[in-house]
Amino acid sequence: MLEPYGPCSITPLLVLHPDSGAAGSIVAVDAYGFDASASIDMYWNGTSVGLAKADVRGTFAGSEAFKFAIPAGTSPGVYTVSGVEPLSTATAAATFMVY
């Protein structure tokens with residue numbers, strides 16, 4: 001017999017391909033765990049880089065990954081890439097190292 005334990009939640013996850021590179025590099029962002037068909041605001045170090053659309057499983061990955069370019073002139077260092085689902089406030093983040 002299964003015992004109910006209440007609601008289950010999934011924490012969204014971002015995976016960057018690659019996770020390091022020079023300014024101008026193209027980065028593909030895979031995402032998992034967002035709401036089905038949700039619009040996800042994508043940010044590079046707090047600056048908007050576009051809008052991604054999750055599929056019916058709440059993901060965008062592989063050929064459907066969100067892609068953007070690291071801004072030209074970005075100094076070497078570690079930066080945050082984040083995704084925010086405005087309606088649910090679900091968020092996920094990953095870091096990218098510029099060299």
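These legends go with a set of close-up views of one predicted model.

View 1. Taken along the principal axes, the C-alpha atoms fill a box of roughly 60 × 25 × 20 Å. Of the 99 residues, 35% count as buried. The chain exposes about 5900 Å², with carbon and sulfur atoms supplying 59% of that area. If you look at contacts between residues at least 6 apart in sequence, 54% of them join residues at least 24 apart.

View 2. The strands sit in the order 1-3-6, and the pairing is antiparallel. Strand 1 (13-17) and strand 6 (66-69) are the edge strands, each pairing on one side only. From one strand to the next, the twist averages 30°.

**View 3. Strand 3 up close, with its partners on either hand.** Strand 3 covers residues 26-32 and is joined to strand 1 by five bridges. Two pairs to look for: Val 15 has Asp 30 as its bridge partner, and Leu 16 has Val 29. Strand 3 is also joined to strand 6, this time by four bridges. There, Ala 28 stands opposite Lys 67. Strand 3 is mostly covered, with five of its seven residues buried.

**View 4. A nonpolar core of 23 residues.** This is the largest nonpolar core in the model, and the residues with the most contacts inside it are Leu 14, Val 29, Met 42, Phe 60 and Val 81. The elements giving two or more residues to this core are strand 1, strand 3, strand 4 (39-44), strand 6, strand 7 (77-85) and strand 8 (90-98). Strand 8 gives the most, with five residues. As background, nonpolar side chains in soluble globular proteins tend to be buried together.

**View 5. Met 42 and its surroundings.** Which residues does Met 42 touch, leaving aside its neighbours within four places in sequence? Among them are Leu 14, Val 29, Phe 60 and Val 81, and those four are also listed with Met 42 as having the most contacts inside the core. Met 42 is also in contact with Thr 47, Ser 48, Val 49, Gly 50 and Ala 52, as well as Phe 66, Ser 82 and Gly 83.

**View 6. One salt bridge, between Arg 57 and Asp 55.** The structure holds one salt bridge. Arg 57 pairs with Asp 55 here, and the closest N and O atoms are 2.8 Å apart. In general, side chains of opposite charge can pair when their charged atoms come close. Are the two partners buried or exposed? Arg 57 is exposed, with a relative accessible area of 64%, while Asp 55 counts as partly exposed at 25% relative accessibility.

**View 7. Thr 59, a loop residue.** Thr 59 lies in the loop between strand 5 (47-53) and strand 6. Is Thr 59 buried or exposed? Thr 59 has a relative accessible area of 12%, and because buried means under 20%, Thr 59 counts as buried. Leaving aside neighbours within four places in sequence, Thr 59 is in contact with Ala 31, Tyr 32, Gly 33, Lys 53 and Ala 54.

Notes. Residues are numbered from 1 along each chain as its sequence is written. This is a predicted model: local features need pLDDT of at least 70, side-chain atom pairs count only at pLDDT 80 or more; totals for chains, interfaces and linings use all residues. Side-chain values use heavy atoms; hydrogens and water are left out. Two strands pair if DSSP finds at least two bridges between them. Axes are lines fitted to C-alpha atoms, for helices over the stretch in contact, and angles run from 0 to 180 degrees between N-to-C directions. Buried means under 20% relative accessible area, exposed over 50%, partly exposed in between (1.4 Å probe, protein chains only). A salt bridge is a side-chain nitrogen of Lys or Arg within 4 Å of a carboxyl oxygen of Asp or Glu. A nonpolar core is a set of buried Ala, Val, Leu, Ile, Met, Phe, Trp, Tyr and Cys residues joined through side-chain atoms within 4.5 Å. Contact means heavy atoms within 4.5 Å. Accessible areas come from the Shrake-Rupley method with a 1.4 Å probe; for residues, only the protein chains shown count as cover.
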